Amino acid sequence: MKKAYLLLADGTLFEGVSVGAEGRTISEIVFTTGMVGYQEILTDPSYYGQTICMTYPLIGNYGLNAEDFESRKSWVSGFIMREACAYPSNWRCDRSIDAYLKSQNIVGLAGIDTRRLTRLLRQSGVMNGILYSEGYEPDEQMIEEMKNFRITGAVDAVTVKEIEHHPAVGEAQRRVALFDFGVKNNIVRELCRRGCDVDVLPARTAPETVLSGNYDGIMLSNGPGDPAENTEIIENLKVLRTSGLPIFGICLGHQLLALSIGAKSAKMKFGHRGVNHPVKDLAADRTYITSQNHGYAILADSVDPEIAEVSHINLNDNTCEGIRHKNAPIFTVQYHPEVCPGPLDSAYLFDQFIDLMNAEKGGNN
């Protein structure tokens with residue numbers, strides 16, 4: 001069995017065994033705490049440009065299957081596990097973690113102390129690194145490139161190139177324009193099963209195209225990268241948020257909409273990635289367990305109180321987890337109500353979006 005290595009920007013070296021494809025990759029190294037959901041993580045576009053360290057020690061035990069992918073391919077740069085299960089057992093399984101990583105040309109690493117790596121990232125913050133298999137050792141030039149690495153152009157890399165239509169389950173009640181900043185399939189499913197015809201739009205779709213499209217509402221999807229980088233999209237959202245159409249933003253969509261009203265974002269030390277983050281809905285005075293995947297956050301004190309208010313906070317660190325506009329049918333959340341698998345506590349937010357569209361249209365007419 002070939003060896004594989006992770007070299008971090010601070011010089012720390014981890015040695016393990018190679019899983020998946022052989023080669024090397026430069027990326028940002030992050031960790032996620034979910035006990036399950038590795039297939040969904042591997043196919044979540046929000047992980048573009050990142051190598052994922054799974055904190056749960058056994059990965060691949062129930063395999064992967066053709067039905068649970070969250071997008072058309074894997075977007076991760078690398079994948080790190082304590083132990084990779086070579087013989088998965090599940091009636092739905094049709095491939096192993098090793099086979100899938102090979103098919104996607106993803107370099108994997110197993111057999112390292114993932115607890116040590118996670119503690120290091122928590123203490124020092126997310127860090128760049130080179131993940132490489134034996135025979136692909138990096139030279140000094142590549143190490144310097146790794147230290148200067150930044151994730152850029154992420155949204156443009158993952159978004160669809162043309163409009164994709166998804167029909168409602170049953171009779172269509174509403175039409176939704178869903179901006180693809182890195183959309184997950186289950187967002188589309190949640191809308192379609194609630195009677196929505198959904199058009200998935202490229203990230204840079206002009207506001208005029210949406211406003212002339214006879215849509216009942218707009219959704220802004222999750223996605224990867226630094227939200228402040230997307231200046232053209234932010235300018236487009238300034239137009240859309242004054243249209244009167246109901247808007248629901250998730251994760252990156254939340255951040256971009258907040259930036260469009262003048263709020264500020266900041267990179268977090270090690271981000272929120274997992275399926276057990278407690279979030280308080282301030283209006284309802286109720287706490288929900290949520291799934292999260294983000295490395296940037298909106299600064300709560302930068303939200304203009306004349307336009308919007310912070311609606312949700314993270315109970316672990318009090319960061320902003322949602323914004324509600326005061327004089328427009330617009331709300332956002334930083335976490336993932338569509339998560340599958342994961343907690344279903346916040347799926348009601350899709351119903352709230354439907355209710356907003358119905359209210360704007362005077363019911364179901």
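Which exposed residues does the face of α4 turned away from its buried side carry? In this predicted model, that face bears Glu140 and Gln141.

## Helix α4

Helix α4 spans residues 140-147, and Met142, Ile143 and Met146 within this helix are buried. These residues lie on the same side of α4 because they cover an arc of only 100° around the axis. Strands β1 (3-8), β3 (24-32) and β9 (127-133) are among the elements that cover the buried residues of α4.

The N-terminal end of α4 is capped by aspartate 139, which places a side-chain oxygen 3.3 Å from the backbone nitrogen of glutamine 141. Glutamine 141 is also one of the exposed residues on the face turned away from the buried side.

## Packing of α8 and α9

Helix α8 (residues 231-240) and helix α9 (residues 252-260) have axes that come within 8 Å and cross at roughly 70°. The helix α8 is therefore roughly perpendicular to α9.

On the α8 side, the contact involves Ile233, Ile234, Leu237 and Lys238, which meet Leu256, Leu257, Leu259 and Ser260 of α9. By class, the residues of this contact comprise six nonpolar, one polar and one charged.

Threonine 319 belongs to the loop that lies between β17 (308-314) and β18 (320-325). Its relative accessible area is 19%; buried means under 20%, so threonine 319 counts as buried.

The side chains of threonine 319 and aspartate 317 form a polar contact at 2.7 Å. Leaving aside residues up to four places away in sequence, threonine 319 touches Met268, His272, His312, Ile313 and Asn314.

Conventions: Residues are numbered from 1 along each chain as its sequence is written. This is a predicted model: local features need pLDDT of at least 70, side-chain atom pairs count only at pLDDT 80 or more; totals for chains, interfaces and linings use all residues. Side-chain values use heavy atoms; hydrogens and water are left out. Buried means under 20% relative accessible area, exposed over 50%, partly exposed in between (1.4 Å probe, protein chains only). Helices (H or I, at least four residues) and strands (E, at least two) are DSSP runs, numbered from the N terminus. The arc is that of the directions from the helix axis to the C-beta atoms. Contact means heavy atoms within 4.5 Å. A polar contact is a pair of N or O atoms within 3.5 Å; within protein, one must be able to donate a hydrogen and the other to accept it, and residues adjacent in sequence count only if both atoms are side-chain atoms. Axes are lines fitted to C-alpha atoms, for helices over the stretch in contact, and angles run from 0 to 180 degrees between N-to-C directions. Angles under 35 degrees count as roughly parallel, over 145 as roughly antiparallel, 65 to 115 as roughly perpendicular and the rest as oblique. Ala, Val, Leu, Ile, Met, Phe, Trp, Tyr, Cys and Pro count as nonpolar, Asp, Glu, Lys and Arg as charged, and the others, Gly among them, as polar.
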